[in-house]
Amino acid sequence: MKHLLSYLFILTSIQGICQSIEHIDPPFWWTEMPTEELQIILHGEEIGDLEPSFEYAGVSLESIEKLPNKNYLVFNLNVAKQTKPGTFKIALKDGKSTKLSIDYELKSRINDTNRNRGFDASDVIYLLMPDRFANGNPENDTVAGMLEAADRSNPNGRHGGDIKGVSDHLDYIKELGMTAVWLTPTFENDMKPSYGAYHGYAATDLYKVDRRFGSNEEFKAFVRKCHSMDMKVIMDMIHNHIGDQHWWMKDVPSDDWFHDIEKYGTTNFRGEVQSDPYASQYDLDKLQKGWFVSEMPDLNQRNPILAKYLIQNSIWWIEYSGVDGIRMDTYVYPYKDYLADWVEEVMTSYPNFNIVGEAWVEKVGHEAYWQEDKEGQDDGYDSQLPSVTDFQIMFALDQALTEDFGWKNGLSKLYYAISQDRLYSDPMKNVVFIDNHDTERFFTKIDEDPDLFKMGYAYLMSIRGIPQVYYGIELMLANEPVNGDGRKRADMIGGWAEDKRSVFTVDGRTKKENEAFNYVKQLTNWRKGSKVIHEGKLTHFIPENNTYVYFRHTENEAVMVVMNRNEKEVEMKRDRFAEILDRYSQGVNVLDNSTIDVTANFKVGPKQTAIFELKK
């Protein structure tokens, strides 16, 4: 009996020793944060019934929350404003016996006005995919223990681009006139090669940068470098889903952490359902609870612990990295009450910040529903979201440049789209674009016509809102002749050491590429310095004879934009625009400084969007 008791005592001791913490989220926090609440989730074998105990001035234990899975321990702290930075030990006890302990750090916040600045209509956003932009560190192409290595022969697989590659070419982005950089997600995406998660939208750890992109510290250094070059950084996030190789999937916290794919299947992709006053519950459930694809488990933000986790994760990244804005993926899919709560917490914590939600819907009314302070919502919903992705402008421009002109077609589509701006609470906050990583490339959509390319880009640089351009547009990059999403996501030639030329240099670009590059550079840099484009009102005139004219104007400045889709030069009747032109005598073309007399009829050349600064 004596030996048996000794054996049991030793066995119990070994079991206690073998207990360990595998995940601590968030891994650390800060003092003097806008909110004093802090939820900590620990993950480790059989720790769910342990109780945290600590002593640290200014920090108190508010509550402990139980999850069905005993491998999780959730507790809530209050970190008072006056708490001093430092590290304290949290003991995890079973009664009076300490089974485990962790060191938890409260850092001092960085006091720097050059962080978390937001973005607005004075910016031009450059969207890029790190995996496809440049490979700055070939040593991280293959990482031991991770499921997928770089293979450039597979257009839909990982190619090896990384944060260092982007950082090495920030001069190129700045030369173009871009003022903000949006990276597709850099979260760890340790997914199986058969899926191909190079894009970053299948996170397997929301607190880690994927090691094939770099590290958390490298991401933070990248943001600092952008700020030192007077460029902002927009971080891409996803709260709708994760990847099926996320560590949660290997040890599910609770049955209601995810929606049940057996019950709801995959989503219907119809974001309009959320704002539809006549929507069926079936359709709403399919949208909100269906999985995006079978490899992306759908998160249930109605679980309060998970909702708090996601909100806190956003705040952690904003504070840690200093990013200036967030682009939230698949915005119209999760529960809209959760999204409003998330936006409120982020924007209350960082008043100068900005958030744009991806609202991929088919009509202006459905798009406008998602912008903050929208009056007249029948359901009383206020998203609190400052900015939406303006898909309606992209749809209209595609048709404007490729359809024959008519009462409802061609350039008239631009008029009809933007004439509904009354539905938005502030259309100047909309992010406008002509393509992105999910759509066909703009140059492909216009059948690779260089004149139409210039027409479209000039429109983007002069219309209201916050323009976003997709990497490679400055080279008139078209779709690749391959299947899958890789066709829209080609590598930037010269971003890899083995490439035979580099589009990052004048000599490495072809004549056609340099022509496009110079056009984009000139127009974007002009816009960068044009206050009337950043702040001016918009007045437009009904399209006639395959032309569309609009003005951007303030009390003291005005710009006239003339879109001529005809194959020949046209004469514009000056009197039609007299309400604006009567104050001016001359128009100066922003591209070549040529002038027109706006006191009389004037001519505009074929297939162009001509932009004139008006002079008295």
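This is a predicted model: local features need pLDDT of at least 70, side-chain atom pairs count only at pLDDT 80 or more; totals for chains, interfaces and linings use all residues.
**Exercise 1.** Determine where His241 lies, whether the residue is buried or exposed, and what its side chain reaches.

*Solution.* 
1. Locate the residue: His241 sits in the loop that runs between strand 13 (232–237) and helix 6 (247–250).
2. Check accessibility: the relative accessible area of His241 is 2%. Buried means under 20%, so His241 is buried.
3. List contacts, leaving aside neighbours within four places in sequence: among them are Tyr201, Phe292, Met296, Asp329 and Thr330.

**Exercise 2.** Compare the span of helix 12 with the expected value, then find how many of its residues are buried and what they pack against.

*Solution.* 
1. Helix 12 covers residues 391–402 and reaches 17 Å from first C-alpha to last; this is close to the 16 Å expected at 1.5 Å a residue.
2. Nine of the 12 residues are buried, which leaves the helix mostly covered. Phe391, Ile393, Leu397 and Asp398 are among the buried ones.
3. The elements they pack against include helix 13 (412–418), helix 15 (450–462) and strand 21 (558–564).

**Exercise 3.** Describe the largest nonpolar core and identify a second one.

*Solution.* 
1. The largest nonpolar core holds 167 residues, and Tyr126, Phe133 and Trp248 have the most contacts inside it.
2. Helix 9 (residues 304–321) gives the most to this core: 11 residues.
3. A separate second core of 19 residues includes Phe541, Val562, Val570 and Val604.

Note on methods:
Residues are numbered from 1 along each chain as its sequence is written. Side-chain values use heavy atoms; hydrogens and water are left out. Helices (H or I, at least four residues) and strands (E, at least two) are DSSP runs, numbered from the N terminus. Buried means under 20% relative accessible area, exposed over 50%, partly exposed in between (1.4 Å probe, protein chains only). Contact means heavy atoms within 4.5 Å. The expected span of a helix is 1.5 Å times one less than its number of residues. A nonpolar core is a set of buried Ala, Val, Leu, Ile, Met, Phe, Trp, Tyr and Cys residues joined through side-chain atoms within 4.5 Å.
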